[in-house]
Amino acid sequence: MDILRFITAGSVDDGKSTLIGRLLYDSKSILVDQLEALEKQSKNKNADGIDLALLTDGLRAEREQGITIDVAYRYFSTTKRKFIIADAPGHVQYTRNMITGASNSSLIIILIDARAGVIEQTRRHSIIASLLKMPHVVVAINKMDLAGFSEQRFNEIKADYEKVAAQLNIKNVTYVPISALLGDNIVERSANMPWYTGQPLLEFLESVEVASDINHKDPRFQVQYVIRPQTAELHDYRGYAGQIISGVYKKGDKIKILPAAIESTITKIEVGGKEVQEAFAPQAAVLHIADDIDISRGDTFARIDNLPKVASEIEVVLCWLDNKPLIQGNKYFLQHKGRLVKTIVREVAYKLDVNTLERIPAEDGVKLNEVVHATIKTAAPLVYDDFTALSDYGNAILVDETSNSTVAAVLLN
Amino acid sequence: MGEYTLDYLEQLEAESIYIFREVAAQFEKPALLFSGGKDSITLVQLAKKAFAPGKIPFPLVHIDTGHNFPEALAYRDALAKEVGAELIVRKVEDTIKQKHLTEPKGKFASRNWLQIHTLLDTIEEFKFDACIGGARRDEEKARAKERIFSVRDEFGQWEPKLQRPELWNIYNGRVHKGENVRVFPISNWTELDVWSYIKKEGVRLPSIYFAHDREVIEHQGQLIAVSDYITIDETDVISTKKVRYRTVGDMTCTAAVESNAATLDEVVNEIMATRISERGETRIDDRVTEAAMEDRKKGGYF
């Protein structure tokens, strides 16, 4: 049994809350007392007597103020998998919410209302999925009950979306015609759509292969914390703790410590306090090396025959997440995993229109929810990978050094 | 499953260990809030693994309401000794006396709200900049929306609107003086994940998690242990039942469930078959208002 993390994208009208509610309900993740509470609140009851959308109802603060707070996480399990849903609501801050949710997911369900077809929002969600290199895309064509369960309508929408996917270079798209409200093609194959021969949605989510999404080819490890017990019996113990970000590390591997560019050899590997011969992503490990070198948090260990980039002038895509606008020439902290370096945003080349992919000039500044291409300069060389080649070591955030807020998602180039 | 794959518990464990190490690296004075419940016991197990063979590099802090199960207190002392961690205990009773706080009244008068005062005083006393807690997002809808690194102002308040976006596995722990961060390393675990992990790791639990005979009264369908901390009315019927606890909080606000499950395997099987949520079945304190947890979090609760 493993974990699938996914995000659902769609406006309220597309039935996103109903779909999440349906998955929770049909996987029997909703327990009796929670159902009783729901039955009391439900005004918009379905055949089961409850309003599925209420299962994802927010906080009182949100209802009172008509706001939505970025991402909520929902959990359910079947016998095959544990699922973590990033539920990113909201209209106003949708780009910010979706980027946050998508950064923690490996699959996206894009909901399309069968009556409306591919709309501007569908395109926007797809652009973000493509920008963040999401490995799996499911297009769930919902409300098929309101479109007469028509195969022709399904095929029209599929053909329209294939054009979008081709333009954005999105591969691995799966199309499922559903009715979240009635449960068609969610758990069981729909009797109303015998023409659909693919898997129902839940069956697909249970079986889609995600283990191979993790890169086990390019070894990347960043020192998170140095373990030095300095007790009598562990006097000389010095272990470098961190997560294997990608690839596999083996005892005896020749490594280069970056950015200092010093070579050494891995002499011992521990996972959970036990010695092992090798460690792989995404394990949390402790590595030991042969030489006594000054190493601190943020340093990268890479195998000498497979090195990441080292640079201090870097082209980036910035997704701006803060209400304060980006000021060109301002200094920020760049946080790359555990490494914190001062950074200047030098030049904003252009904005990307997330509805059309058009490049637009950034003369009037960069505001919340905008995506830009820019050049940054870091105070010390950064050790990283191109986001498009190895996304797990190509992502970072910008932190405002005065407010301490996380102000941007950074895709390194 | 290929050669380099982790099962779901190993994935959750790796994520939690990563979070623990981020806390140790980013903060000057972290603390682990320890209640004696299974979630905080799981935290200690994860922390042991995160820093092995070294000791856990921060103290265990217990905010003692004075209404604890004696079994949980004995377990707490033994565990702190076993892992070699410093144990800091601060009592709500003392805060009540020093600050002339008013004790809540009622049949099951709970010090749940009052412990916020003691917690904030303790944070102030030791200048803790990060407090690690065992909250899970599956527990409750206010928790479903909380970040793993959750920034609190100097009054300990949670401001849902001002949460930082949490991208990838990058945790921004920078705070201003006076602010602190609550960190929840098992945010992505469900109740069943915690039990399955305890079983897999062979973690020892306080005896009250297993079936035992106990004197209880039945109140609105929930079984409450007879203790000095609750008011027993003439109409209450005291009976001895075979029960276990699914969650361990104060004796005043935690209900028992009838059970014969005497081993971890039996408990896990019962949890898998249960049709009632953990908080719904066992926590009296969430029943007061629909938004009870949301209110308490905003007030500085864990």
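Figure 1. Chain A holds seven helices and 23 strands; helices (H or I, at least four residues) and strands (E, at least two) are DSSP runs numbered from the N terminus. Contacts are pairs of residues whose C-beta atoms, placed from the backbone, lie within 7 Å. Among the contacts in chain A with a separation of 6 or more, 68% are accounted for by residues 24 or more positions apart. Residues are numbered from 1 along each chain as its sequence is written, and chains are lettered from A and ligands numbered from 1 in the order in which they are written. In this predicted model, local features need pLDDT of at least 70 and side-chain atom pairs count only at pLDDT 80 or more, while totals for chains, interfaces and linings use all residues.

**Figure 2. Domains 1 and 3 of chain A.** Chain A is divided into domain 1 (2-213), domain 2 (220-303) and domain 3 (309-412), with bounds from an automatic or database domain assignment. In the contact shown, 12 residues of domain 1 of chain A meet 11 residues of domain 3 of chain A. On the domain 1 side, helix H4 (94-103) and helix H5 (120-131) of chain A each supply at least two residues. H5(A) gives the most to this side, with six residues. The residues of the domain 1 side divide into four nonpolar, three polar and five charged; Ala, Val, Leu, Ile, Met, Phe, Trp, Tyr, Cys and Pro count as nonpolar, Asp, Glu, Lys and Arg as charged, and the others, Gly among them, as polar.

**Figure 3. A six-stranded sheet of chain A.** The open sheet has the strand order E2-E3-E1-E4-E5-E6 (chain A), with mixed pairing; two strands pair if DSSP finds at least two bridges between them. From one strand to the next, the twist averages 25 degrees. E2(A) and strand E3 (residues 81-87) of chain A run antiparallel and are joined by six bridges. Ala72(A) has Asp87(A) in E3(A) as its bridge partner.

**Figure 4. The side of chain B that touches chain A.** In chain B, 47 residues are in contact with 53 residues of chain A. Helix H1 (8-26), helix H2 (38-51) and helix H6 (141-144) of chain B each supply at least two residues of the chain B side. H1(B) gives the most, with nine residues. By class, the chain B side has 21 nonpolar, 11 polar and 15 charged residues.

**Figure 5. Packing of H1(B) on H2(B).** The two helices pack at an angle of about 70 degrees, with their axes 9 Å apart. H1(B) is therefore roughly perpendicular to H2(B). Axes are lines fitted to C-alpha atoms, for helices over the stretch in contact, and angles run from 0 to 180 degrees between N-to-C directions. Angles under 35 degrees count as roughly parallel, over 145 as roughly antiparallel, 65 to 115 as roughly perpendicular and the rest as oblique. From H1(B), residues Glu13(B), Ser16(B), Ile17(B), Phe20(B) and Arg21(B) meet Leu46(B), Ala47(B), Lys49(B) and Ala50(B) of H2(B). The contact of H1(B) with H2(B) has five nonpolar, one polar and three charged residues.

Figure 6. Strand E1 (residues 30-33) and strand E2 (residues 60-64) of chain B run parallel and are joined by two bridges. Leu33(B) has Val61(B) in E2(B) as its bridge partner.

**Figure 7. Domains of chain B.** Chain B is divided into domain 1 (8-193 + 291-298) and domain 2 (206-286). The C-alpha centres of these two domains of chain B lie 24 Å apart. Chain B has 10 helices and 10 strands, and 52% of its 302 residues count as buried.

Technical notes:
Buried ≥ 20, exposed ≤ 12 C-beta atoms within 10 Å, placed from the backbone. Contact = placed C-beta atoms within 7 Å.
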